[in-house]
Amino acid sequence: MNQADAAIPTIHPSIDRPGRPHDRFVPLLEAQGYRPIGRLAPRAARAIDDSPWSIGCETCDRGYVDFDQVGPHLGEIGAKAVRLQAGWARCEPSADGAYDWAWLDKIVDACVTQRVRPWLEVGYGNPAYPDGGGIGLAMGIPTGDRAITAWDAWVAALVKRYADRVDTWSIWNEPDHGPDLDAVTYADFYARTARIIRAAQPSATLMGLSLAGANAYAEAFLRRLDERGEADLLQRLVYHFYPHNPDASFDRVDGLRDLLRRYAPHAEVYQGETGAPSQTTAFLAMRQHEWSERKQAVWNLRRLLAHHARGIAMNLFQLADMHYEKRDGALHQGHNTKGQLATRPDLTVLHRKASFAMAQHVFSTIDGRYPLTALEALHDRDNKTTGRVPWQQYAWTPHGGDRPDLVSWWNASDAPTLTTYGLWRVAGLAPVPFANPVLLDWLSGTVFEPPRTGAALWRELPLSDAPFALIERESLPLQQD
């Protein structure tokens, strides 16, 4: 952290009315003639058969999040998978091969009970062993002979213990975050660990890289796996990108897909960690920008829709705020506000943020009924001609359907704003045939009857930095206000 970062002010929470869905669009839409008819009825994970959405519940291994406090909210947000960090150092606090599984058993079992599939990330290091690596980001992998042997034993024991509840494993977090772990060394470490997992669970899905920075690191990693003849050990190439504009960075993702076609054509890309903070801080990703709960909700919303529209599964970072501590050799200290739950320094839950409600609305609506496949961007023709696309527009067709029943659009030219501004009225969105459409405000969950029907509907629709959607009425579960 530098002095300039330390000087960034914190946004006062009164901007956001903490603890409520963001509903500032509702009176603006009513002024345009949209009549509220109810609210979207969120569905818990147990009521959703399947979806590609994952929510993060990271850092429990280091005590920055208390799962006992936030776990009861997990199923209610509606994601069908959850990323957990297995925490070698917490599992084996002494260098004696005796494992403490109780904390992880409780978390994994609670996820399964709520019908949320846990996937485990193996890491970080273990300072109990000489040259065992550190407990946090950029603190090094195990390198000493004794530490590597202990790592191998822990990974094998971990997979054996949870193989009946976990089938997806990610190997290390952001190895490129820092100067000390080059891509070749990481590839060798990845392959070693992947072989142990595959031996214990032949059907395991293996995820690697969790790239934070440049694609060149990914290329060197893939090239090394290919040279070893072990590219088959990678099913998902994971990236963690944090652009200030949530509709940016997809050119880098296209570059990763190109690399996979060259070195591992069987594998797919996966957004394993991305999410916005709700307050401006001098801490970790996107610290150089100002934030509010409203901006967080819009950023996360656009990020979710932009990934699904491009056929990319995504893990939203994360369920709860994290309170990092500089102990046991950890490098960072501070309040990381990327959670959908605001938490106090004692790790208890303060309130659900606007982004929690937004995520419920997306996860409840775009579930496994819709194929996870790249969609055609339906942009205004004139903007295609000029090369500048001020908005995104996509239409989703359910499995087995012959036409879309959901279309969403938003201004994608800039990052979201801290507070709500007036709605534009936009003409030129590509019309999509609907029988009985209603308009959904993703942020508040409010559902409206449009003031116009047929072709007239498409000649004047609301446009903002936050997406709206038109959905066939019978496709949307409603609760009456």
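**Helix packing and aromatic pairs**

Author: Leucine 74 is placed in helix H3, which covers residues 67-77, and everything said about it here refers to a predicted model. With a relative accessible area of 0%, leucine 74 is buried. Apart from neighbours within four places in sequence, leucine 74 is in contact with Ile55, Phe67, Val82, Cys111, Gln114, Val116 and Leu319. Glutamate 472 is 398 residues away from leucine 74 along the chain, and the C-alpha atoms of these two residues are separated by 28 Å.

From there we can turn to the packing of the helices. Helix H5, made of residues 102-113, packs with helix H6, made of residues 145-162, at an angle of about 40°, and the two axes are 12 Å apart. Because angles under 35 degrees count as roughly parallel and those of 65 to 115 as roughly perpendicular, H5 is oblique to H6. The crossing of these two helices, H5 and H6, is right-handed. On the H5 side the meeting residues are Leu104, Asp105 and Val108, and on the H6 side they are Leu158, Arg161 and Tyr162. Sorted by class, this contact of H5 with H6 has four nonpolar and two charged residues, and no polar ones.

One of the residues on the H5 side deserves a separate word. Aspartate 105, found in helix H5, counts as buried at 15% relative accessibility, since the limit for buried is under 20%. When residues up to four places away in sequence are not counted, aspartate 105 touches Arg161 and Tyr162.

Helix H6 has a further partner in helix H7, residues 183-200, with which H6 packs at an angle of about 35° and with the axes 9 Å apart. H6 passes H7 in a right-handed crossing. From H6 the contact draws on Ile148, Trp151, Asp152, Val155, Ala156 and Val159, while H7 supplies Phe189, Arg192, Thr193, Ile196, Ile197 and Ala200. By class, the residues in the contact of H6 with H7 are nine nonpolar, one polar and two charged.

Now to the aromatic side chains, for which the count comes to 21 aromatic pairs. One of them joins tryptophan 88 and tyrosine 129, whose rings are 5.7 Å apart centre to centre with 20° between the planes, and this pair is stacked, because planes under 30 degrees apart count as stacked. The pair links distant parts of the chain, 41 residues apart: tryptophan 88 lies in helix H4 (residues 88-91), and tyrosine 129 lies in the loop between strand E4 (117-122) and H6. Tryptophan 88 counts as buried at 0% relative accessibility, and tyrosine 129 is buried as well, with a relative accessible area of 7%.

Another aromatic pair is formed by tyrosine 186 and tyrosine 190, with 6.2 Å centre to centre and 55° between the planes, and this one is tilted. Both tyrosine 186 and tyrosine 190 lie in helix H7, four residues apart, which is about one turn of the helix. Tyrosine 186 and tyrosine 190 are both buried.

Beyond pairs, one aromatic cluster is formed by Trp88, Tyr124, Tyr129, Trp151, Trp154, Trp172 and Phe189. Of the cluster members, Trp151 of H6 and Phe189 of H7 also take part in the contact between these two helices. Tyrosine 124, which belongs to the cluster too, is placed in the loop between E4 and H6, and a cis peptide bond with omega of about -20° joins glycine 123 to tyrosine 124.

That bond leads on to other points of backbone geometry. A cis peptide bond also joins phenylalanine 317 and glutamine 318, with omega about -15°, and glutamine 318 lies in the loop between strand E9 (314-316) and strand E10 (322-324). Methionine 286, although not a glycine, has a positive phi of about 65°; methionine 286 is placed in the loop between strand E8 (268-274) and helix H10 (293-309) and is buried, with a relative accessible area of 4%. Leucine 347, likewise a residue other than glycine, has a positive phi near 75°; leucine 347 lies in the loop between strand E12 (341-343) and strand E13 (349-352) and counts as buried at 14% relative accessibility.

Definitions and conventions
Residues are numbered from 1 along each chain as its sequence is written. This is a predicted model: local features need pLDDT of at least 70, side-chain atom pairs count only at pLDDT 80 or more; totals for chains, interfaces and linings use all residues. Side-chain values use heavy atoms; hydrogens and water are left out. Axes are lines fitted to C-alpha atoms, for helices over the stretch in contact, and angles run from 0 to 180 degrees between N-to-C directions. Angles under 35 degrees count as roughly parallel, over 145 as roughly antiparallel, 65 to 115 as roughly perpendicular and the rest as oblique. A crossing is left-handed if the near helix is turned anticlockwise from the far one by less than a right angle, and right-handed if clockwise. Contact means heavy atoms within 4.5 Å. Ala, Val, Leu, Ile, Met, Phe, Trp, Tyr, Cys and Pro count as nonpolar, Asp, Glu, Lys and Arg as charged, and the others, Gly among them, as polar. Rings of Phe, Tyr and Trp (its six-membered ring) pair if their centres lie within 6.5 Å; planes under 30 degrees apart count as stacked, over 60 as edge-to-face and the rest as tilted. Buried means under 20% relative accessible area, exposed over 50%, partly exposed in between (1.4 Å probe, protein chains only).
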